[in-house]
Amino acid sequence: MSIGQSLLPEFDLEMASTRRLLERVPSDKGPWKPHPKSFPLGHLAQLVSIMPGWLTRTVRGTEIDLSKSAGYSFEKTETLLSQFDQHVREARAALAAAKDEDFDVIWSLKHGEQILFSAPRGTVVRSHINHLIHHRAQLTVYLRLLDVPIPGMYGPTADERWQG
C-alpha cells in the first residue's frame, strides 16, 4: 500500500467529522468573535473549508505563496460546505494518486520571495491534516460558546450521545 493510500482512512474520518461540524456554523454569526483578539467565526469556518485544498496543492505542487491568497470574506454556510466538499474530493484524489517518492519532494510555504519554511511533502501533508484538526477544535469552542450543539467526532459529546 502506498503512503497516500495509507493516509486515506484517516483523511476520510477527519473530513467527515469536519463536515459535520462545519454544517452547523450559523451563517448569520460570521463576524462574531469570542474575544477581541480572536478570528471571526466566519473567517475561521472559511479557513476550515479551504484547508483540504492545501493538501491538493501540496501533493501536486512544490509551494504555496501566501501573498497570492484572496483573503477572507463572510460566506453562507452552504457556500463553505460546497467549497469544502470540492476541496475534499480533490485532496482525496491527489492523495490516492500520489506515488511514495512524491512525499519526499521538498515543499515550501512562501510569502512572496520569502520562504517561511520548507520540508518534505510527507511531513507537510501530516502537518496540514493536524493544522486542520487544530482549527476544527477552535471551531468547536466557538460553536459551544454560541450554544450550537457539537457533533461527536471521536466519541460522544454533551449534545450527542452514543447511539445503540
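First, the ground rules. The model is predicted: local features need pLDDT of at least 70, side-chain atom pairs count only at pLDDT 80 or more, and totals for chains, interfaces and linings use all residues. Residues are numbered from 1 along each chain as its sequence is written, and side-chain values use heavy atoms, with hydrogens and water left out.

Let's start with the sheet. Helices (H or I, at least four residues) and strands (E, at least two) are DSSP runs, numbered from the N terminus. Three strands form an open sheet in the order β1-β2-β3, with mixed pairing. The edges are β1 (63–65) and β3 (114–120). Each has a single partner strand, so one side of each is left without a neighbour in the sheet. From one strand to the next, the twist averages 10 degrees. Axes here are lines fitted to C-alpha atoms, for helices over the stretch in contact, and angles run from 0 to 180 degrees between N-to-C directions.

How do β1 and β2 pair, in the parallel or the antiparallel sense? They are parallel, over three bridges, with β2 covering residues 106–111. Pairing requires at least two DSSP bridges between two strands.

Helix α2 (residues 41–60) touches β1 and β2, and its direction makes about 130 degrees with that of β1. Helix α4 (121–145) touches β2 and β3, at about 105 degrees to the direction of β3. Contact means heavy atoms within 4.5 Å.

Now three residues. Buried means under 20% relative accessible area, exposed over 50%, partly exposed in between, with a 1.4 Å probe and protein chains only.

V48 sits in helix α2. Its relative accessible area is 0%, so V48 is buried. Beyond its neighbours within four places in sequence, V48 is in contact with T18, L22, F84, L132, H135, R136 and L139.

E14 belongs to helix α1 (residues 3–22). Is E14 buried or exposed? It is buried, at 5%. What does its side chain make a polar contact with? The partner is the side chain of Y154, at 2.7 Å. A polar contact is a pair of N or O atoms within 3.5 Å; within protein, one must be able to donate a hydrogen and the other to accept it, and residues adjacent in sequence count only if both atoms are side-chain atoms. Not counting residues up to four places away in sequence, E14 touches I133, R136 and Y154.

T157 lies in the segment after α4. It is buried too, at 14%. Its side chain reaches the backbone nitrogen of D159 at 3.0 Å. Leaving aside neighbours within four places in sequence, T157 is in contact with I150, P151 and G152.

Last, the spaces. On a 1 Å grid over the protein atoms alone, a cavity is a set of points where a 1.4 Å probe fits but cannot get out. A pocket is an open set with protein on both sides within 12 Å along at least five of seven lines, and lining residues have an atom within 4 Å of a point. Grid points are joined across faces, edges and corners, and a volume is the space filled by probe spheres set on the points.

There is one cavity of 30 Å³ or more. The largest cavity holds about 40 Å³. Its lining includes V25, P26, L41 and L80.

The largest pocket holds about 380 Å³. Its lining has 17 residues, with I50, W54, R57, S69 and A70 nearest the centre. Helix α2 gives the largest share of that lining, seven residues.
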